[in-house]
Amino acid sequence: MVGAGRMGRAVATRLVGEHEVVLVSRRPGRMTDGEGRVLDVGSDPAAASGCAIVLLAVPAPEVAAAAAWIAPHVDRTGLVVNLATELPTADVAVPGIRLVGCKIIGQSTQIERGSPAALIAGSATRTERDLLSSALGRVGVVIDAPEQLAAHVNDLVARRVIAAQLDLAAALDESGAPPQAREAALGNLAVGIWGAVASGNTGPFLTRIVEQLRTPAHSGGPRSHDG
Ligand SMILES: NC(=O)c1ccc[n+]([C@@H]2O[C@H](COP(=O)([O-])OP(=O)(O)OC[C@H]3O[C@@H](n4cnc5c(N)ncnc54)[C@H](OP(=O)(O)O)[C@@H]3O)[C@@H](O)[C@H]2O)c1
């Protein structure tokens, strides 16, 4: 794993224990993963030697530099993986390595907690996807689809969810909710309701509201004769 930031830590949390994980970044140090284990982060790119898969968990503008940094040490059969959502893999040319895209539909904190992501690996061959599936199964399911799908879905979801959150925050302010109530509503209640509805684990209160909002009258569709 190159890069020990949010996504590097989340993926490492899922993989440590099942695979041998070696972490490198520009600066060495120590990191505590999501399960409280202390992991060493090295700064020697030679750590890539002997790795079947090298995951580049660095920001998009740093992918080419990170790939060039480890390239001299990657085994001939090693697969280097571009995780940067916004960087088309075809735009990166680093001689001497096989670079494939594996774009994550998911968010680092959720991955760290074990919520499955979807990993879009359309630029990889079938054999490479199988390798990624066996290595990253604890992160999510590997899918054969165009890699730009991940950027599209991530942008769509981020925009809609952020808009909803801003709207909700404004409505709470208008209702005169005190700061502690506002914080609990946004950070606890809203997050819990999202998860409960997404997983279908709703009690009577939420089930009633879901049913009301799914009726055509609420969704803007045609009304029934009796209104
Ligand atoms: N966070 C998410 O939920 C999420 C979701 C989907 C996809 N991703 C993808 O995951 C990638 C990483 O995102 P992130 O949120 O983890 O970013 P981040 O928290 O900023 O972490 C980036 C890490 O990369 C290291 N780094 C930067 N440039 C490097 C280089 N040239 N060589 C080696 N290490 C380098 C940084 O360490 P130093 O600066 O100390 O060297 C840092 O540890 C991005 O491409 C993003 O598109 C993230």
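Where is the place of Ala190? Ala190 has its place in helix H6. The model described here is predicted, and this report starts from that residue before turning to the protein as a whole.

**Ala190 and its surroundings**

Ala190 counts as partly exposed because it has 16 C-beta neighbours inside 10 Å, and a residue needs 20 or more to be buried. When neighbours within four places in sequence are left aside, Ala190 is in contact with Leu168 and Ala185. Ala190 and Leu168 are 22 residues apart along the chain, and 9.2 Å separates their C-alpha atoms.

**The pair of helices H5 and H6**

Helix H5 covers residues 148-174 and helix H6 covers residues 179-199. The two pack at an angle of about 145°, and their axes lie 10 Å apart. The crossing of H5 with H6 is right-handed. On the H5 side the meeting residues are Gln165, Leu168, Ala169 and Leu172, and on the H6 side they are Arg182, Ala185, Leu186 and Ala190. By class, the residues of this contact are six nonpolar, one polar and one charged.

**The ligand**

The shell around the ligand consists of 24 residues, the closest being Gly3, Gly5, Met7, Arg26 and Ala84. Helix H1 (6-15) and helix H2 (63-70) are the elements that each give two or more residues to this shell.

| Place | Nonpolar | Polar | Charged |

**The nonpolar core**

The largest nonpolar core has 47 residues. Val2, Val11, Val54, Leu55, Leu56, Val81 and Leu119 have the most contacts inside this core. H1 gives the most to the core, with five residues. For Val54, leaving aside neighbours within four places in sequence, the contacts are Val2, Ala48, Ile70, Val74, Gly78, Val80 and Val81.

**The protein as a whole**

The protein has 227 residues, of which 27% count as buried. Its secondary structure comprises eight helices and nine strands. Taken along the principal axes, the C-alpha atoms fill a box of roughly 70 × 40 × 30 Å. Among the contacts with a separation of 6 or more, 46% are between residues 24 or more positions apart.

Technical notes:
Residues are numbered from 1 along each chain as its sequence is written. This is a predicted model: local features need pLDDT of at least 70, side-chain atom pairs count only at pLDDT 80 or more; totals for chains, interfaces and linings use all residues. A residue is near a molecule or strand if its C-beta atom, placed from the backbone, lies within 6 Å of it. Helices (H or I, at least four residues) and strands (E, at least two) are DSSP runs, numbered from the N terminus. A nonpolar core is a set of buried Ala, Val, Leu, Ile, Met, Phe, Trp, Tyr and Cys residues joined through C-beta atoms within 7 Å. A residue is buried if 20 or more other C-beta atoms lie within 10 Å of its own, exposed if 12 or fewer, and partly exposed in between; C-beta atoms are placed from the backbone. Two residues are in contact if their C-beta atoms, placed from the backbone, lie within 7 Å. Axes are lines fitted to C-alpha atoms, for helices over the stretch in contact, and angles run from 0 to 180 degrees between N-to-C directions. A crossing is left-handed if the near helix is turned anticlockwise from the far one by less than a right angle, and right-handed if clockwise. Ala, Val, Leu, Ile, Met, Phe, Trp, Tyr, Cys and Pro count as nonpolar, Asp, Glu, Lys and Arg as charged, and the others, Gly among them, as polar.
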